[in-house]
Amino acid sequence: MSQPLLQAQGLYKSYGRHKVLRGVSFAIAPGTLVGIVGENGAGKSTLLRILAGDLRPSRGKVLRSGAMGYCPQQVVLNDALTVNQHLDYFRAAYNITSLRRADELVEQLGYQAYRRDLVGTLSGGTKQKLNLTLALMHQPEVQEDALGIPSTGKKER
Amino acid sequence: MYSSIGHRYLTAARYALLEQVRNRFALVLLLLFVPLWYYFGFLFTTDAPIAFKFRLTNVFLQVSAREVTFLTLGLNAITLIVGFMLFTATRKNTHFDHRLVLNGYPQPLLILAKLTSLVAVAAAVSLYASAVLYAYWRPHSLPLVWLGFFGAALCYGGLGLLLGVLVRGELEGFFLIIMLSLIDTFIQNPIGNPAANQEIVKGFPAFAPMQIDVAGGFTLVTPWLYVFISLAWLAGLVLLGLSIFWWKTRAWSVHTEPLSAESTTTSVESTALNNV
């Protein structure tokens, strides 16, 4: 059996009296695709945010080996910077040399025409694509995606 | 490894500054509001002498009402613009900065980059306001007037940063900056406030910059004490603002270590989400 990449051990989370997570435990092996489903307010986003280190659990811990790519549910970008500047900024964050994977993703998602455009001028769909590119450009072993990305490669505003 | 600490700091500082440069509304305010404000001061005041209490020597200086008003208007314009610039940038990008930290950007470097942009913006805006002032009036020491402007700009930049992480709504933040700047700067002017020479004005952030500016405008004294008081205001506001920024953008620890194969399951073993 291969080593797990991500492991949650007895995660609890409460917002005041409202208990959202009650002892969530799992381990995920490489190459596994896991979906988290549940009613609105069930705690899916809370769980993902805890796994990414964005939120502190009330109890329990997360173990991870290798890099992680976290794509936030809401677009988190800087409107005053261009697409290229975002890629450069996140290259420094991930401490990686090459933008090869980022270039591939931009091409695959079909928004290379906007690389020099300010993010504030882009359509919602293109922002989502950049949001995803930033999460995957360092080729992480663990990928968390809370988005629905339109697959069209056509220009949209 | 790709980036040295220096390279990562420069990257963050470059983008923090670039963002300020792209704040078009602030640039328009700077280009139009500052000269217009001085012009109004020129129109609506006279050269009649007025007593201003210069605290360093503890004497009343007889100064031109118009010239001391130029200093007040300069301080008011600068504090509004720099406060607005830092507030907007901080408020808009706290989530973005948090994302950078979650993805490995060292938090101290982002904080240092914020401080760099604060100092650079404050220095540039003060320089511009001093240069425009020179077209209306020749103070004894323009560099000292700049220093007073710079002190006030740093202080309100720190305030903008603090409000940016503290206040939820944009309007609330703008309103607070406008009100504080108006009260703070005009209370120091004996024309607008006959009580300006009383002790109470010492407790306001614009007190020390105004004293520095009056020293630069009408004397040959360098009031180092008031330079340090300005820096103390900056340090207090920035420390508070950056502490909240640090808390809001911190990454909670996720243990990154090789995991044992014993605990592996190929799928989610158990879930205990709410209302499951």
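This is a predicted model: local features need pLDDT of at least 70, side-chain atom pairs count only at pLDDT 80 or more; totals for chains, interfaces and linings use all residues.
Lys and Arg count as positive and Asp and Glu as negative, while His and the chain ends are not counted.

View 1. Chain A is built from 4 helices and 5 strands, which follow one another along the sequence in the pattern β-β-α-β-β-α-α-α-β. The C-alpha trace of chain A spans about 45 × 35 × 25 Å along its principal axes, and 55% of the 157 residues in this chain are buried. Of the contacts in chain A between residues at least 6 apart in sequence, 67% join residues at least 24 apart.

View 2. Chain B contains 8 helices and 3 strands, and reading along its sequence gives the pattern α-α-β-β-α-α-α-α-α-α-β. Taken along the principal axes, the C-alpha atoms of chain B fill a box of roughly 85 × 45 × 35 Å, and buried residues account for 53% of the 276 residues in chain B. Among the contacts in chain B with a separation of 6 or more, 76% are between residues 24 or more positions apart.

**View 3. Surface and charges of chain B.** The accessible surface of chain B is about 12500 Å², with 69% belonging to carbon and sulfur atoms. For the 16 positive and 12 negative charges of chain B, the mean positions are 6 Å apart.

Methods. Residues are numbered from 1 along each chain as its sequence is written. Chains are lettered from A and ligands numbered from 1 in the order in which they are written. Side-chain values use heavy atoms; hydrogens and water are left out. Helices (H or I, at least four residues) and strands (E, at least two) are DSSP runs, numbered from the N terminus. Buried means under 20% relative accessible area, exposed over 50%, partly exposed in between (1.4 Å probe, protein chains only). Contact means heavy atoms within 4.5 Å. Accessible areas come from the Shrake-Rupley method with a 1.4 Å probe; for residues, only the protein chains shown count as cover. The place of a charge is taken as NZ of Lys, CZ of Arg, CG of Asp or CD of Glu.
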